[in-house]
Amino acid sequence: MATKKTTITKDKIVSMYMNYRLENNDKPKSVYHFAKTNGFDETTFYTFFGTLESVEKEIFKMFLEKTTELIQKDPAYESYDMKNKMLSFYFTFFEILSANRSYVVMSLKEHQNQLKNLMQLSSLRIVFKNYVNEIITDDVRIKYEKLQNFQEKAIQESAWIQFLLTLKFWMDDESPTFEKTDIYIEKSVKASFDLMNIAPLESLMDFGKFIFKEKIQKN
């Protein structure tokens with residue numbers, strides 16, 4: 001009886017790539033080598049991706065897309081304000097990252113040059129900023145305008161910086177179930193939204209004490 005040939009999809013290539021890196025602790029030497037190792041034609045790969053590097057970018061983008069898909073399934077999500085939507089996003093996204101931690105840490109610590117590592121997040125950055133733009137409410141826009149006539153790009157960029165800092169904290173987090181990252185998320189999101197209300201001191205001091213305590217414990 002003939003063996004049924006597995007249909008190759010974009011998701012399967014992503015899964016194969018992640019498994020290859022984890023099992024070999026290295027990248028495939030070429031698209032040809034990667035395809036042959038996984039039993040499909042090189043031309044099939046190019047149906048979905050142009051390079052192996054584009055697969056790496058797609059992985060992080062897919063993590064975010066899966067996050068938004070999951071949080072939007074919650075019937076209560078649409079009634080959340082921007083702050084609670086961001087909290088929902090962060091908790092769900094880092095839960096997905098934690099389920100794939102070995103791959104994420106390996107890939108984002110591959111190069112000593114952090115800019116090279118962050119190149120993998122270029123596609124994620126685009127969809128993240130689009131997500132932030134979608135959840136910006138009118139009252140948030142008004143609050144930013146009161147500060148320094150901020151535009152939506154400023155909100156997106158500040159949210160992206162906060163995201164990268166949270167990602168760095170999570171990668172360094174050694175607590176059980178990454179519970180300290182959960183605390184970090186709550187305090188950092190609260191502090192950022194309090195800044196919009198021009199009432200940041202208590203939240204910033206609380207957040208600052210938490211970060212200081214973490215740094216002291218690590219040193």
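1. The chain contains 12 helices and zero strands. The model is a predicted one.

2. The mean pLDDT of the chain is 84, and 79% of its residues reach 70 or more. Over residues 198-202, however, the pLDDT is below 50. Beyond near neighbours in sequence, this stretch has four contacts in the model.

3. Two values describe the chain as a whole. It has 219 residues, of which 41% count as buried. Among contacts between residues at least 6 apart in sequence, 65% join residues at least 24 apart.

4. The next points concern individual pairs of helices. Two packed helices are described by the angle between their axes and the distance between the axes.

5. How do helix α5 and helix α8 lie relative to each other? Helix α5 covers residues 82-99 and helix α8 covers residues 122-135. Their axes come within 10 Å and cross at roughly 150°. Angles over 145 degrees count as roughly antiparallel, and α5 is therefore roughly antiparallel to α8. The crossing of α5 past α8 is right-handed.

6. Which residues make the contact between these two helices? From α5 come M82, K85, M86, F89 and F93, and from α8 come L124, F128, Y131, V132 and I135. By class, this contact of α5 with α8 has nine nonpolar residues, no polar residues and one charged residue.

7. Helix α4, residues 52-71, packs with helix α6, residues 101-108. The angle between them is about 135°, and their axes are 12 Å apart.

8. In α4, E56, I59, F60 and F63 take part; in α6, the partners are Y103, V104, S107 and L108. By class, the contact of α4 with α6 has six nonpolar residues, one polar residue and one charged residue.

9. The two pairs may finally be set side by side.

Notes:
Residues are numbered from 1 along each chain as its sequence is written. This is a predicted model: local features need pLDDT of at least 70, side-chain atom pairs count only at pLDDT 80 or more; totals for chains, interfaces and linings use all residues. Side-chain values use heavy atoms; hydrogens and water are left out. Axes are lines fitted to C-alpha atoms, for helices over the stretch in contact, and angles run from 0 to 180 degrees between N-to-C directions. Helices (H or I, at least four residues) and strands (E, at least two) are DSSP runs, numbered from the N terminus. Contact means heavy atoms within 4.5 Å. Ala, Val, Leu, Ile, Met, Phe, Trp, Tyr, Cys and Pro count as nonpolar, Asp, Glu, Lys and Arg as charged, and the others, Gly among them, as polar. pLDDT is the predictor's confidence in each residue, from 0 to 100. Buried means under 20% relative accessible area, exposed over 50%, partly exposed in between (1.4 Å probe, protein chains only). Angles under 35 degrees count as roughly parallel, over 145 as roughly antiparallel, 65 to 115 as roughly perpendicular and the rest as oblique. A crossing is left-handed if the near helix is turned anticlockwise from the far one by less than a right angle, and right-handed if clockwise.
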